[in-house]
Amino acid sequence: MSERHETGACFCGAIVAEMTGEPFWICYDHDDDCRRAIGSPLTVWVGYRPTQVCFTRGEPKRFSRTPGVTRLFCGDCGSAVGYRDEGTPDELYLAIGFLDRPEAFKPQAHAYWRMRLPWVAFDDDLPRIEEYSRERDPAYGKPKDR
Ligand SMILES: [Zn+2]
């Protein structure tokens, strides 16, 4: 069986990426930073190793407000592409909306569950993680300490 291949693109098509292999982590995210950056009550992040992701067209713009965290987005249409976190250097997260087959990426947990909006309700039995869902280099502090 050949290795899994997935693709992604922003709304205008200026940024295109190809992903090889399986993502290692797929997680709902209810935190307020991502809410504001994405413009959505919550999102789903799809985690790959940086070597699995190749930008084949365009280069995302970068913006950082939270120490260690750099958000990637399209400089033309503004679509969220993903983010990098220096506290988890071997991880690159893509926004579920950037992916061409979002239905193929089923979340495995909820992160920042305590920050969910009061009317957000799920009847799944996925783990509810109150904080960040990944082990992060403590030198960068917690994403909430900003
Ligand atoms: Zn775009």
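Strand β1 and strand β2 (residues 16-20) run antiparallel to each other and are joined over five bridges. Strands here are DSSP runs of E with at least two residues, numbered from the N terminus, and two strands count as paired if DSSP finds at least two bridges between them. Within this pairing, His 5 stands opposite Thr 20 of β2. The structure is a predicted model, in which local features need pLDDT of at least 70 and side-chain atom pairs count only at pLDDT 80 or more, whereas totals for chains, interfaces and linings use all residues. Residues are numbered from 1 along each chain as its sequence is written, and side-chain values use heavy atoms, with hydrogens and water left out.

The pair belongs to an open sheet of three strands in the order β1-β2-β5, with antiparallel pairing. Because β1 (5-9) and β5 (53-57) stand at the edges with a single partner strand each, one side of each has no neighbour in the sheet. From one strand to the next, the twist averages 25°; the angles run from 0 to 180 degrees between N-to-C directions of axes, which are lines fitted to C-alpha atoms. Strands of a sheet pair through backbone hydrogen bonds, either parallel or antiparallel.

Salt bridges come next. A search of the whole structure finds nine of them, each being a side-chain nitrogen of Lys or Arg within 4 Å of a carboxyl oxygen of Asp or Glu. One of these joins the side chains of Arg 101 and Glu 6, at 2.6 Å from N to O. Since Arg 101 lies in the loop between β9 (92-95) and β10 (109-111) and Glu 6 lies in strand β1, the pair ties together parts that are 95 residues apart in sequence. Glu 6 is buried, at 4% relative accessibility, whereas Arg 101 is partly exposed at 39%; buried means under 20% relative accessible area, exposed over 50% and partly exposed in between, with a 1.4 Å probe and protein chains only.

A salt bridge also joins the side chains of Arg 49 and Glu 91, with an N to O distance of 4.0 Å. Here Arg 49 comes from the loop between β4 and β5 and Glu 91 from the loop between β8 (80-85) and β9, 42 residues apart. Arg 49 is partly exposed at 27%, while Glu 91 is buried at 8%.

In the salt bridge between Asp 124 and Arg 128, the closest N and O atoms are 2.3 Å apart. Both residues are partly exposed, Asp 124 at 24% and Arg 128 at 27%. Elsewhere, salt bridges that share partners join Arg 4, Glu 6, Glu 22 and Arg 101 into one network.

Two of these arginines also meet aromatic rings. The charged end of Arg 128 sits over the ring of Trp 113, 4.5 Å from its centre, and that of Arg 4 sits over the ring of Phe 105, 4.6 Å from its centre. A charge sits over a ring if NZ of Lys or CZ of Arg is within 6 Å of the ring centre and within 35 degrees of the ring normal.

Aromatic rings meet one another as well. Six aromatic pairs are counted, where rings of Phe, Tyr and Trp (its six-membered ring) pair if their centres lie within 6.5 Å. Ring pairs link Phe 24, Trp 45, Tyr 83 and Tyr 93 into a cluster.

Finally, Thr 43 is found in strand β4 (residues 43-48) and is buried, at 8% relative accessibility. Apart from neighbours within four places in sequence, Thr 43 is in contact with Cys 27, Tyr 28, Asp 29 and Ile 96, contact meaning heavy atoms within 4.5 Å.

Methods: Helix = DSSP H or I, 4+ residues; strand = E, 2+ residues; numbered from the N terminus. Phe/Tyr/Trp six-rings, centres within 6.5 Å; stacked < 30°, edge-to-face > 60°.
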